[in-house]
Amino acid sequence: MNPDDIICSCLDITNGMIQEAVANGAKTLEDVQEINNVGTICGACIEDVENLIAELTAK
């Protein structure tokens, strides 16, 4: 997974930004949203964000 790939086009949030949020303790979509507001505009990326969080926290 490329950290530069955009996961939320509304806010230009990248995979790397989600990875950083999880590395800093975020464990849920709500935790990540508190850090960078991902998925709060149109919501189209929420499933992708949740899948990424699940993948990162399973390690």
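This is a predicted model: local features need pLDDT of at least 70, side-chain atom pairs count only at pLDDT 80 or more; totals for chains, interfaces and linings use all residues.
## Overall fold

The protein chain contains three helices and two strands, and, read from the N terminus on, its elements follow the order β-β-α-α-α. The radius of gyration of the protein chain is 10 Å, close to the 10 Å that the globule rule gives for 59 residues, so the chain is as compact as a globular protein of that length. Along the principal axes, the C-alpha trace of the protein chain spans about 30 × 25 × 15 Å.

Of the 59 residues in the protein chain, 36% are buried. Among contacts in the protein chain with a separation of 6 or more, 44% are accounted for by residues 24 or more positions apart. The protein chain exposes about 3600 Å², and carbon and sulfur atoms supply 46% of that area.

In soluble globular proteins, nonpolar side chains tend to be buried together. In this model the largest nonpolar core has 15 residues, and those with the most contacts inside it are Ile7, Ile18, Val32, Val38, Val49 and Ile53. The elements that give two or more residues to this core are β1 (6-8), α1 (15-23), α2 (29-36) and α3 (46-57), and α3 gives the most, with four residues.

Val38, one of the residues with the most contacts inside the core, touches Cys8, Leu11, Ile13, Ile18, Val32, Gln33, Cys45 and Val49 when residues up to four places away in sequence are not counted.

## Helix α3

At 1.5 Å a residue, the 12 residues of α3 should span 16 Å, and the end C-alpha atoms of α3 are 16 Å apart, which agrees. The buried residues in α3 are Val49, Leu52, Ile53 and Leu56. Seen down the axis of α3, these buried residues fall within an arc of 100°, so they line one face of the helix. As for what lies against them, the buried residues of α3 pack against β1, α1 and α2.

## Helix α1 and the residue after it

In α1, the buried residues are Asn15, Gly16, Ile18, Ala21 and Val22, and what covers the buried residues of this helix includes β1, β2, α2 and α3. Asn15, which lies in helix α1, counts as buried because its relative accessibility is 10%, below the 20% under which a residue is called buried. Leaving aside neighbours within four places in sequence, Asn15 is in contact with Met1, Asn2, Pro3, Asp5, Ile7 and Leu52.

Ala23, also found in helix α1, has a relative accessibility of 66% and therefore counts as exposed, the cut-off for that class being over 50%. Ala23 and Thr57 are 34 residues apart in sequence, and their C-alpha atoms are 8.9 Å apart in space. Helix α1 is followed by Gly25, whose phi is positive, near 110°.

Not counting residues up to four places away in sequence, Gln33 touches Val38, Gly39 and Thr40.

## Positive phi in two loops

Which residue in the loop between β1 and β2 (13-14) is of interest here? Asp12 is found in that loop, and Asp12 has a positive phi of about 55° although it is not a glycine.

Asn37, in turn, is found in the loop between α2 and α3, and Asn37 has a positive phi of about 65° although it, too, is not a glycine. With a relative accessible area of 43%, Asn37 is partly exposed, since that value falls between the 20% and 50% limits.

How values were computed:
Residues are numbered from 1 along each chain as its sequence is written. Side-chain values use heavy atoms; hydrogens and water are left out. A nonpolar core is a set of buried Ala, Val, Leu, Ile, Met, Phe, Trp, Tyr and Cys residues joined through side-chain atoms within 4.5 Å. Buried means under 20% relative accessible area, exposed over 50%, partly exposed in between (1.4 Å probe, protein chains only). Contact means heavy atoms within 4.5 Å. The expected span of a helix is 1.5 Å times one less than its number of residues. The arc is that of the directions from the helix axis to the C-beta atoms. The radius of gyration is taken over C-alpha atoms; the globule rule is 2.2 Å times the number of residues to the power 0.38. Accessible areas come from the Shrake-Rupley method with a 1.4 Å probe; for residues, only the protein chains shown count as cover.
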